[in-house]
Amino acid sequence: MSDVSKRSQLTPTGDARAVTPAQQASLLKVRKAGLGLLMAASEGTRRPLAFVEDTAVDPIHLTEYTRRFKEVLDRHEMTAGFYGHCSVGCLHIRPYLDLTDPADVVKMRSVAVEIKDLVAEYGGVNSSEHGDGLARSEFNREIFGDALYDAMRQVKRLFDPDNVLNPGKIVDAPSMTDNLRDAALPPAEPLRTRLSFEVIGAGAGSADGTGAMRAAADRCMNIGLCRKSGSGTMCPSYMATRKEEDSTRGRAAALVKALSEPDPRAALGDERLHEVLDLCLMCKACKSECPLGVDMATLKSEALSHHHDIHGVPLRSRLFGSIRFLNRLGSATAPLSNLPGRIPLVRRLMDRTVGIAPARPLPVFVRQNLTRWFRRRKNTTHPITQGTVTYLADSFTTFTEPDIGRAAVQLLERAGWDVRLESGVCCGRSSLSKGLVDDAKNKARHLADTLSKATEAGSPVVGCEPSCLMTLRDEHLSLLPDDPAVKDIAGRVRQVEELLVEAIDDGRLRPREDSWLAGRTLVYHGHCHQKAEVGTAATVALLNRIPGVSVVELDAGCCGMAGSFGFESEHYDVSMTVGEDRLFPTITAEPAETVVVATGVSCRQQIFHGTARDAWHPVQLLWEAVASE
């Protein structure tokens, strides 16, 4: 055992030591995930609230202070989540309350007063890092004393004589219970939703969606992490426009307002709401990076379906929702089908009639697609030792980048798998992204039934396009939460990278030491849906199994393409701005010998369009290292 692994183990007192940067990063990630984990345990309008959330005392008093803090909560029959920065005596404690219940509002203020007095007894501070706001400012005269409080009021009057900058904060504050948003919300009116928001943890709401969709949007607690820039992925459209309404928080607030109207169905069809939701790329970064796990992509799909109910479905949405049929047709008629994309007059016509951006290169269809190759190829002679695996022939790479599917199939066969190709049914990802939820539901049911009947029980289902593969284990459960076939298939979905890593580690696959990749740097850009649902660890592990390479995972946000979003005329500029924020400059700065890697078809298209650099799928690179074994 190495010194590092020894130091990272639990000490005799039960403490875990994080010594290396990687260990420390993992520990901090857990700390940052604390709020999201708490919110996941919310029950409807009963959730952890930040009104005594960052008190701090001298660390020497922390043990006793924490015990007495809990006694206050116990006396009021309240549970809470405890986490924080113990080294500096700061605790983030969020008691669970339902502010639509007047009794809980009274209880909240009683606890706030008791904790304020407890903090003073230990010589601590009532708010140590998050500010006083409307929740704690009313106690400031008592905490700071008349002289200092009057001095703060004088400063306020000097710099803000008209009281327009954060009125009621720090000084001259109202009672903490005067501006409660939850208490002001009317009861949610009945609304039948097509997606099940109970499945995504929205909290209370009947099976027909009454209240559940609003609860899903109302998970947002205005923390504003979606307004960040320079790191992570959430929220790409806000990073591009810097407008509040283009943040996850802004969209959530707009949806809560709409869903609180007397007729929420009509409110969901409002054009202004549609404008607020329009620039959401549905990247799903908010689902994993938002501390509250607000899933704006799912909310937008549902809202779009109601907009269509009132205003009809646009032609372009119907076309993109039928993308598998169009791609199959394009492949069948290739290379003739590739000519319109090269004719300026045709591209201008597509812009005017359908709204396809003329500057955006169209996919190139391949006649010898994955389905044809699989059907016509010779039988393999590799021994089957692992059973059957189903490869999902997605609607995109199958007809435009079949090399990726061929590489995956051949690698799986060499690893001992009997590969079954599922190429006849669409997952519904494109339909869902355009708000065609009923169509997506039919496709989900058809695919789940097909896979359930045609595959061995428990056998894995894999694929190379994250957006399609992850749909089987995420959106299908929201579309058909009670369908046993959907639940079965969702539990069998695995990343192809996982199976290939296992094969390499078991010696069933042996990448060559002398492939052309040896000595190269691989820069990897992860797909947004993959990052949101399962993370990129399996892909990074696979790339690291290629001998002689150096792997760098980029923190470059969303590529900006987001499926059909980047093809749409009115969204093209925003799409490119998102890519130009971090991704394009990072890749352009790499030397020519650096190999660019991306798991998503949209990402590869956007990278080529924005940098003129080809991006490889990880399975293609592994095949390059294995093919001449």
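**Salt bridges, ring pairs and a helix side**

Student: Aspartate 581, is that buried, exposed or partly exposed?
Tutor: At 34% relative accessibility, aspartate 581 is classed as partly exposed. Keep in mind that this is a predicted model.

Student: What does aspartate 581 form a salt bridge with?
Tutor: With arginine 582, where the closest N and O atoms are 3.4 Å apart. Arginine 582 has 11% relative accessibility, so it counts as buried, the cut-off being under 20%.

Student: How many salt bridges does the count come to?
Tutor: The count comes to 46 salt bridges.

Student: Which residue pairs with glutamate 275?
Tutor: Arginine 272 does, in a salt bridge with 3.1 Å between the closest N and O atoms. Glutamate 275 is partly exposed at 47%, and arginine 272 is partly exposed at 41%.

Student: And aspartate 295, what is its salt-bridge partner?
Tutor: Lysine 284, with the closest N and O atoms 3.3 Å apart. Aspartate 295 is in the loop between helix H15 (285-289) and helix H16 (296-311), and lysine 284 is in the loop between H14 and H15, so the pair ties together parts 11 residues apart in sequence.

Student: Are those two buried or exposed?
Tutor: Buried: aspartate 295 has a relative accessible area of 4%, and lysine 284 has 2%.

Student: Which residues are in a network with them?
Tutor: Salt bridges with shared partners join Lys284 and Asp295 to Lys287, Arg429, Asp474, Glu475 and Glu533 in one network.

Student: New topic. How many aromatic pairs are there?
Tutor: The count is 5 aromatic pairs. One of them is tyrosine 65 with tyrosine 122, an edge-to-face pair at 5.8 Å centre to centre, with 80° between the planes.

Student: Where are those two tyrosines in the chain?
Tutor: Tyrosine 65 is in helix H4 (residues 62-75), while tyrosine 122 is in the loop between helix H5 (102-121) and helix H6 (133-136). They are 57 residues apart, and the pair links distant parts of the chain. Tyrosine 65 is buried at 0% relative accessible area, and tyrosine 122 is buried at 12%.

Student: What about phenylalanine 69 and phenylalanine 82?
Tutor: Their ring centres are 6.2 Å apart and their planes are at 75°, so this pair is edge-to-face. Phenylalanine 69 lies in helix H4 and phenylalanine 82 in strand S2 (residues 80-85), so parts 13 residues apart in sequence are tied together. Phenylalanine 69 is buried, with a relative accessible area of 0%, whereas phenylalanine 82 is partly exposed, with 36%.

Student: Which residues do the ring pairs link into a cluster?
Tutor: Tyr65, Phe69, Phe82 and Tyr122.

Student: OK, helix H18 now. Which of its residues are buried?
Tutor: Ile323, Arg324, Asn327, Gly330 and Ser331 are buried in H18. They are on the same side of the helix because they cover an arc of only 125° around the axis.

Student: What covers them?
Tutor: The cover includes helix H17 (315-321), helix H21 (397-400) and helix H23 (429-433).

Student: And where is isoleucine 343?
Tutor: In the loop between helix H18 (323-332) and helix H19 (344-353). Isoleucine 343 is partly exposed, at 39% relative accessibility.

Student: Which residues make a nonpolar surface patch with it?
Tutor: Leu336, Leu339 and Leu345 make the patch with Ile343, and its area is about 400 Å².

Notes: Residues numbered from 1 in each chain as written. Predicted model: local features only at pLDDT ≥ 70, side-chain atom pairs only at ≥ 80, totals over all residues. Heavy atoms only, no water. Patch = residues over 30% accessible without salt bridge, like charges linked within 9 Å, V, L, I, M, F, W, Y side chains within 5 Å. Areas by Shrake-Rupley, 256 points an atom, 1.4 Å probe, with all protein chains shown as cover. Salt bridge = Lys/Arg side-chain N within 4 Å of Asp/Glu carboxyl O. Helix = DSSP H or I, 4+ residues; strand = E, 2+ residues; numbered from the N terminus. Buried < 20%, exposed > 50% of the residue type's maximum accessible area, 1.4 Å probe, protein only. Arc of directions from axis to C-beta. Contact = heavy atoms within 4.5 Å. Phe/Tyr/Trp six-rings, centres within 6.5 Å; stacked < 30°, edge-to-face > 60°.
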